[in-house]
Amino acid sequence: MSLDICPWKYGKRWVYSITYDEALADLHRFAVPMHEEYKIPGHVEVVVGQLGEIRNIGSSSFNGYRHMNGAELRDLLARGWGVGNHSWSHEIITPETVDREIGKAKQVLEEALSESIILYCSPGDNTNMADHVLEACRRYGYLGAMSLTDALNLPGDELFWINRTALHDHYYPPFYSAYDPFRNIRQAQETQGWLIDYCHCPLETAVHPNKDCSEAQLRQRLETVLSEGGDAVWCAVPEEALSYHLMRRFARIETVGDGEVGGDPQGGLKREDPEVAQCFRIDLSGLPEEVPYRSLTLEAGVPAAWCRDPRVVVDGMDLLPEVVRPGVLHFTTQVRDGSIVKTRVEPPTG
């Protein structure tokens, strides 16, 4: 008998997230209703120094559009979206400005939303993924940092350089490209990758074709993710995928016996209990306190006969696992440091 952690939640093969830099209010014209239609959660990156204001940043193509305010961002959170910090000013972050861009921005955004902010998203380009920036992210309690590198994220990858795929009409010259709704999906399926799209504010036509897609292209992408992913894709906000990544990284599973769990009513094991098959303890030592979502999908290897009426007990609570293949059960559960998992069967009859 065995107990292992699945690479991704619910035993899914790969993960899909989508982010919208700048958090512009015009996302409500097309993007937000589209996400409601397809039941895919989105994620916005906020330029905190212009929260709720008309955008006025250098020569940005999005100047004149309004950034969402606190109430609008709280509405997105209520819809299941996530929110990250896209810096205070959207300028190059220097060692002299890093506390404002990373620290103050996090504090102000958290106060506006009454929500912890655990993700930083680099504005402009990867210049703002410099060592002094990432050091500040760690110091201020972020759990990850998103870059502008077009690549997937694998289950064991570094979380302070998270890659994102540009969901844009076409790329800058001299590296021209055509819009591809299938971009990186096949690789994500093959490598059990985490694919994160990024764009800005899809409208009838892309505001800036090298930085955005149109609303029709966004719809095509979401439909492709669902049609190609089927039951194998987990559509999640980055905070949830990142949390699972960390839970999987820090969790340690050990087999324990009745003497090791003693009389704990939540995990106690008595040798005379005919239902008990195996008992495991989950150790989460070192897991950062900031991790917001603390569930794991576990895979139990059991004798074939147990699949007729499979049951597991986690911290004293009965769960009904899913038989995913002969002798293999999957179940998703909240866990804590020291959680006790027991695989078990009905007592013999007769």
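Tutor: A residue counts as exposed when its relative accessible area is over 50%, and as buried when that area is under 20%. The model is a predicted one.

Start with the background for the torsions. Most residues other than glycine have a negative phi, and most peptide bonds are trans. Lys39 has a positive phi of about 60° although it is not a glycine. This lysine sits in the loop that runs between helix H1 (31–38) and strand S3 (43–46). With a relative accessible area of 68%, over the 50% cut-off, Lys39 is therefore exposed.

His90 also has a positive phi, near 65°, and is likewise a residue other than glycine. The loop that holds His90 lies between strand S4 (82–85) and H3. Its relative accessibility is 18%, under the 20% cut-off, so His90 counts as buried.

The cis peptide bond to look at is the one from Pro173 to Pro174, with omega near 5°. Pro174 belongs to the loop between strand S7 (165–166) and helix H5 (185–191).

A glycine with positive phi comes after helix H4: this is Gly141, with phi near 90°. Helix H4 itself covers residues 131–139, and its buried residues are Val133, Leu134, Ala136 and Cys137. These four lie on the same side of H4, because the arc they cover around the axis is only 155°. Their packing partners are helix H3 (98–113), strand S5 (119–121) and strand S6 (144–146).

Now the whole chain. Its secondary structure comes to 8 helices and 17 strands. For 350 residues, a compact globule would have a radius of gyration near 20 Å, and the value of 23 Å for this chain agrees with that. The C-alpha trace spans about 80 × 40 × 35 Å along its principal axes. Of the 350 residues, 52% count as buried. Among contacts between residues at least 6 apart in sequence, 72% join residues at least 24 apart.

Methods
Residues are numbered from 1 along each chain as its sequence is written. This is a predicted model: local features need pLDDT of at least 70, side-chain atom pairs count only at pLDDT 80 or more; totals for chains, interfaces and linings use all residues. Side-chain values use heavy atoms; hydrogens and water are left out. Helices (H or I, at least four residues) and strands (E, at least two) are DSSP runs, numbered from the N terminus. The radius of gyration is taken over C-alpha atoms; the globule rule is 2.2 Å times the number of residues to the power 0.38. Buried means under 20% relative accessible area, exposed over 50%, partly exposed in between (1.4 Å probe, protein chains only). Contact means heavy atoms within 4.5 Å. The arc is that of the directions from the helix axis to the C-beta atoms.
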